Amino acid sequence: MPGLRKAAAAVLALGLSAALAACSGDGGGKGGSDPKLSVTGAYVSQPPMTDMAAGYLTVRNAGGGADELTSVTTPLASEVTLHTTKGTRMKQVSSLDVPANDRVELSTGGDHLMLTNLSHRPKVGEKVSFTLHFATSAPIEIKVPVEPTTYRPKD
């Protein structure tokens, strides 16, 4: 029986090795669970004031893993902060979740970007560069149009 035990142990070790190798995939153990991010519908409302503006966009995640939007930078503002809105209360947050196979939508009356200490008051039609930074994904650079203050995107 000792030979049978050794053979069974060898088969078990080989099976476990194959199972672990199959689970590792190309994503360092994550397989198909990496986020796959894209940005749509981005715009800045022309600000009524010279020192502050709001930005809106949708981050879509077609991947199986979640991510977080951790910051946004732009040459237009010395500071960009992330805000959530619950009811009538706006609150600054350090990040916004981008769930797997879902999206985070920043829109008027909801979650949004606040741009403060503007370098200039942008005009309608101007394009503004944004860089979105994430917890795990590479930064995404986009050009964002400035829209009229009353602009509401079509669904």
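This is a predicted model: local features need pLDDT of at least 70, side-chain atom pairs count only at pLDDT 80 or more; totals for chains, interfaces and linings use all residues.
Biologist: OK, the fold then. How many helices and strands does the chain have?
Modeller: There is 1 helix, and there are 10 strands; both are DSSP runs numbered from the N terminus, helices being H or I over at least four residues and strands being E over at least two. Read from the N terminus, the order of elements is α-β-β-β-β-β-β-β-β-β-β.

Biologist: Among contacts between residues at least 6 apart in sequence, what share joins residues at least 24 apart?
Modeller: The share is 68% for this chain.

Biologist: Let's go to strand S1. Which strands do bridges join it to?
Modeller: Strand S1, residues 37-45, runs antiparallel to strand S2, residues 52-61, with 6 bridges joining them, and two strands count as paired if DSSP finds at least two bridges between them. S1 and S2 form a hairpin, with 6 residues between the two strands. S1 is also joined to strand S10, residues 140-147, by 2 bridges, and these two run parallel.

Biologist: Is S2 mostly covered or mostly open?
Modeller: S2 is mostly covered, since 8 of its 10 residues are buried, where buried means under 20% relative accessible area, exposed means over 50%, and partly exposed is in between, with a 1.4 Å probe and protein chains only. Across the chain, buried residues make up 36% of the 155 residues.

Biologist: Which other strands does S2 pair with?
Modeller: S2 pairs in the antiparallel sense with S8 over 4 bridges and, also in the antiparallel sense, with S7 over 5 bridges. Ala53 has Leu115 as its bridge partner in S8, while Thr58 stands opposite Glu105 in S7.

Biologist: What does Glu105 form with Arg103?
Modeller: They form a salt bridge, with the closest N and O atoms 3.6 Å apart, and the structure holds 1 salt bridge. The term means a side-chain nitrogen of Lys or Arg within 4 Å of a carboxyl oxygen of Asp or Glu. Arg103 is partly exposed, at a relative accessible area of 40%, and Glu105 is partly exposed as well, at 41%.

Biologist: Changing topic: is Ser137 buried or exposed?
Modeller: Ser137 counts as buried, with 17% relative accessibility, and its place is in the loop between strand S9 (127-134) and S10.

Biologist: What does Ser137 touch?
Modeller: Leaving aside residues up to four places away in sequence, Ser137 touches Pro35, Leu37 and Asp67. The side chains of Ser137 and Asp67 are joined by a polar contact of 2.5 Å. A polar contact is a pair of N or O atoms within 3.5 Å; within protein, one must be able to donate a hydrogen and the other to accept it, and residues adjacent in sequence count only if both atoms are side-chain atoms.

Biologist: Last one, the backbone. Where is phi positive in a residue other than glycine?
Modeller: Asn101 has a positive phi near 50°, and Asn117 has a positive phi of about 55°. Most residues other than glycine have a negative phi. Asn101 sits in the loop between strand S6 (96-98) and strand S7 (102-106) and is exposed, with a relative accessible area of 56%, whereas Asn117 is found in strand S8, residues 112-118.

Conventions: Residues are numbered from 1 along each chain as its sequence is written. Side-chain values use heavy atoms; hydrogens and water are left out. Contact means heavy atoms within 4.5 Å.
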